[in-house]
Amino acid sequence: MKALCWHGKADIRWDTVPDPGIEHPRDAIIKVTSCAICGSDLHLYDDFMPGMKSGDIMGHEFMGEVVEVGVENRKLKVGDRVVVPFTICCGECEQCRRGNFSVCERSNRNAEMAAKMFGHTTAGLFGYTHLTGGYPGGQAEYVRVPYADVAPVTIPDGLTDEQVLFLGDIFPTGWQAAAQCDIEPTDTVAVWGCGPVGQFAIRAALLLGAERVIAIDNVPERLSMARAAGAETIDFAEESVLDRLRELTRGRGPEKCIDAVGLEAHAGRPVDSMIDRAKQAVMLGTDRPHVLREAIYACRPAGTVSIPGVYGGLLDKIPFGAAMNKGLTFRMGQTHVNRWTDDLLRRIQDGQIDPSFVITHTEPLSHGPELYKTFREKHDGCIKVVLKP
């Protein structure tokens with residue numbers, strides 16, 4: 001089969017690779033009908049995440065048709081149409097029983113490696129480094145899905161791929177970011193980053209009852225999409241984010257702050273951002289946490305900072321004294337996708353939201369190497385890429 005494979009920094013290739021097969025009785029094989037490039041994939045593309053090997057198949061946002069099932073899989077049958085969450089979960093360990101699917105205790109087949117990095121293992125993830133199991137990803141013609149009797153979401157008739165594809169990652173990721181803020185009707189929610197996850201966080205915050213949402217970015221197309229959802233916007237290239245947030249909130253600050261950017265923050269000319277870039281360039285730092293610093297300073301005392309943005313290593317010069325003395329609550333983590341999918345699928349069916357709004361580019365999967373560049377550089381108004389095998 002053909003797949004998009006990682007071969008180093010900014011080097012994604014359209015390769016011929018072996019077809020997947022059933023390896024465990026609970027497995028399923030999926031023929032991919034749609035997949036997407038995620039912002040998290042760019043952390044691999046830019047070589048900021050450790051644990052990648054040349055030839056690894058990319059992609060963790062995909063869906064398709066079941067073409068083979070293991071003998072112990074009682075959930076799926078050949079012909080089922082499914083969205084596959086990016087988190088691989090066993091459904092049986094203590095964390096899965098609690099609904100903490102992204103920290104499943106069994107699915108990471110490189111658990112010892114992850115524990116050395118993070119202190120404990122986290123769940124296996126599709127197409128996302130050997131720290132998270134080294135599982136082949138979904139930017140391919142076929143995918144083996146482990147524990148396929150747990151996570152895959154069966155899609156009812158009448159919904160297009162474009163409406164449901166993002167149930168596998170960015171829709172529940174944006175939703176979790178807002179949900180873990182415990183939004184109250186009088187809250188102002190500030191969202192840093194109007195990429196795909198930020199767009200869903202904006203809409204989730206409004207659906208969950210926020211009085212106001214303020215969206216922060218510098219890309220005109222992203223800011224326009226945020227305004228279309230009902231958000232007020234700040235272009236960080238044109239004005240001070242902290243000053244403008246104080247002005248918009250009469251000096252109080254937003255009660256809830258969402259960092260939908262993560263480790264590759266682009267912040268123009270602030271001194272901390274320039275230092276982050278310099279340290280990264282000479283291998284003295286891993287992440288650029290400008291947005292996290294800004295969110296801590298901006299957040300109203302006793303507020304919440306929610307972090308769906310991915311961080312990979314050690315962060316420098318975080319104003320933890322400000323966070324402690326202001327009494328801020330931090331909530332973060334990879335998404336517990338299946339905690340949210342039933343509710344979100346119902347909302348799609350009810351017409352509350354059509355997730356396809358975020359798609360700007362749909363191309364054949366073979367065009368993936370070029371589309372990675374387009375998405376990375378935000379060329380051609382690119383916000384979200386869907387690829388078709």
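**Exercise 1. Where is Tyr147 found?**

Start with the kind of model: this one is predicted. Next, locate the strands on either side. They are β9 (142–145) and β10 (153–154), and Tyr147 is found in the loop between them. Now check its backbone. Tyr147 has a positive phi of about 45 degrees, although it is not a glycine.

**Exercise 2. Find Asp380 and describe its phi.**

Step one: find the flanking elements. Asp380 is in the loop between α13 (368–377) and β18 (385–388). Step two: read the angle. Phi of Asp380 is near 60 degrees. That value is positive, in a residue other than glycine.

**Exercise 3. Work out the strand order of the six-stranded open sheet.**

Go across the sheet strand by strand. The order is β13-β12-β11-β14-β15-β16. The pairing is parallel. Then look at the edges. β13 (232–235) and β16 (329–332) each pair on one side only, as edge strands.

**Exercise 4. Examine the pairing of β11 with β14.**

First, mark the strands: β11 covers residues 188–192 and β14 covers residues 256–259. Second, count the bridges. There are four, in the parallel sense.

**Exercise 5. Classify the crossing of helices α5 and α6.**

Step one: place the helices. Helix α5 spans residues 170–179, and helix α6 spans residues 196–207. Step two: take the geometry. Their axes come within 7 Å and cross at roughly 50 degrees. Step three: name the arrangement. The crossing of α5 and α6 is right-handed.

Step five: list the contacts. From α5, the residues include Ile170, Phe171 and Trp175. From α6, they include Val197, Phe200 and Leu207. By class, the contact of α5 with α6 has 12 nonpolar, two polar and no charged residues.

**Exercise 6. Describe the span 25–153.**

Begin with the record. For residues 25–153, an unreviewed UniProt entry lists "domain: Alcohol dehydrogenase-like N-terminal". Then turn to the model. The end C-alpha atoms of residues 25–153 lie 19 Å apart. The span is 15% helix and 26% strand.

Definitions and conventions. Residues are numbered from 1 along each chain as its sequence is written. This is a predicted model: local features need pLDDT of at least 70, side-chain atom pairs count only at pLDDT 80 or more; totals for chains, interfaces and linings use all residues. Side-chain values use heavy atoms; hydrogens and water are left out. Two strands pair if DSSP finds at least two bridges between them. Helices (H or I, at least four residues) and strands (E, at least two) are DSSP runs, numbered from the N terminus. Axes are lines fitted to C-alpha atoms, for helices over the stretch in contact, and angles run from 0 to 180 degrees between N-to-C directions. Angles under 35 degrees count as roughly parallel, over 145 as roughly antiparallel, 65 to 115 as roughly perpendicular and the rest as oblique. A crossing is left-handed if the near helix is turned anticlockwise from the far one by less than a right angle, and right-handed if clockwise. Contact means heavy atoms within 4.5 Å. Ala, Val, Leu, Ile, Met, Phe, Trp, Tyr, Cys and Pro count as nonpolar, Asp, Glu, Lys and Arg as charged, and the others, Gly among them, as polar. UniProt positions are given in the numbering used here, feature names are shortened, and annotations may be inferred rather than shown by experiment.
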